[in-house]
Amino acid sequence: MKGLLKGLATTAKMLARRSHTAQYPHTEPVLPERSRGVVALLEDNCTSCMLCARECPSWCIYIDSHKEETPPETEGGRARSHNVLDQFDIDFSLCMYCGICIEVCPFDALFWAPDYAYAEGDIRNLLHGKERLGTWMKNVPESTWPKNYSGYVEAPTPSVAAEQDGVQAQPSTRESTPPEAHQPQARQPEAGETGAGEG
């Protein structure tokens with residue numbers, strides 16, 4: 001009986017306290033600056049060294065690149081080859097959020113961003129490419145930025161980029177050729193020739 005009364009007293013004490021339940025998603029939680037939310041990619045710093053993909057314990061990073069040559073800066077110099085990143089995908093359905101890829105990157109191309117609301121209804125949509133990984137750089141804490149990095153700049157849309165370059169789409173002025181013009185013409189018999197059915 002004594003234990004029952006003690007339990008009821010504890011329940012009554014908790015009922016008098018204010019609830020700490022956050023009504024998510026109407027009220028978003030305040031997370032620490034360096035929360036392990038999602039891995040962000042700074043594409044300009046990536047050299048396709050494949051170190052992050054090799055060290056990943058869950059093999060959730062996929063990288064593809066090709067080599068290009070840079071012409072010499074001075075006359076008589078030697079052309080240098082460098083890797084150009086074609087594909088950088090992370091499958092967050094396999095990621096363990098261990099942070100090994102970020103720790104081993106020697107060129108400061110991967111960072112933690114505090115984003116957390118990127119759930120998907122289909123598990124296949126958790127495979128994100130370099131474009132999506134790059135957009136998360138805008139929320140990376142400034143205290144973790146590498147040198148000579150001034151913050152995320154959103155890439156302009158193709159129409160905006162064309163206007164900035166002074167290039168506007170011009171309507172085609174070439175007249176369309178009717179289909180009859182492309183059909184072969186029947187050969188006309190020359191003088192002195194007779195048809196196959198003539199005697």
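**Strand pairing, aromatic pairs and the first helix**

Good morning. Ile90 stands opposite His128 in strand S5. Strands here are DSSP runs of E with at least two residues, and helices are runs of H or I with at least four, numbered from the N terminus. This is a predicted model, in which local features need pLDDT of at least 70 and side-chain atom pairs count only at pLDDT 80 or more, while totals for chains, interfaces and linings use all residues. Residues are numbered from 1 along each chain as its sequence is written, and side-chain values use heavy atoms, with hydrogens and water left out.

Let me continue with the strands. S5 covers residues 127-128 and is joined to S3 by two bridges, the strands running antiparallel. Two strands pair if DSSP finds at least two bridges between them. S3 also pairs with strand S2, residues 61-70, in the antiparallel sense over ten bridges. On that side, Tyr62 stands opposite Asp89 in S3.

I turn to the aromatic residues. The structure holds seven aromatic pairs. Rings of Phe, Tyr and Trp (for Trp, the six-membered ring) pair if their centres lie within 6.5 Å; planes under 30 degrees apart count as stacked, over 60 as edge-to-face and the rest as tilted. One of the pairs is Phe92 with Trp136, edge-to-face at 6.1 Å centre to centre and 90° between the planes. Its partners are 44 residues apart, with Phe92 in the loop between S3 and helix H3 and Trp136 in the loop between helices H4 and H5. Both Phe92 and Trp136 are buried, which stands for under 20% relative accessible area, with exposed over 50% and partly exposed in between (1.4 Å probe, protein chains only).

A further pair is Tyr97 with Trp112: the ring centres are 6.4 Å apart and the planes lie at 20°, so this pair is stacked. Tyr97 belongs to the loop between S3 and H3, and Trp112 to strand S4, 15 residues apart. Tyr97 counts as partly exposed because its relative accessibility is 26%, whereas Trp112, at 14%, is buried. Together with Tyr118, the residues Phe92, Tyr97, Trp112 and Trp136 form one aromatic cluster.

Finally, I come to helix H1. How far apart are the end C-alpha atoms of H1? They are 20 Å apart, which agrees with the 20 Å that 14 residues should span at 1.5 Å a residue; the expected span is 1.5 Å times one less than the number of residues. H1 is hardly covered, the count of buried residues among its 14 being zero. Thank you.
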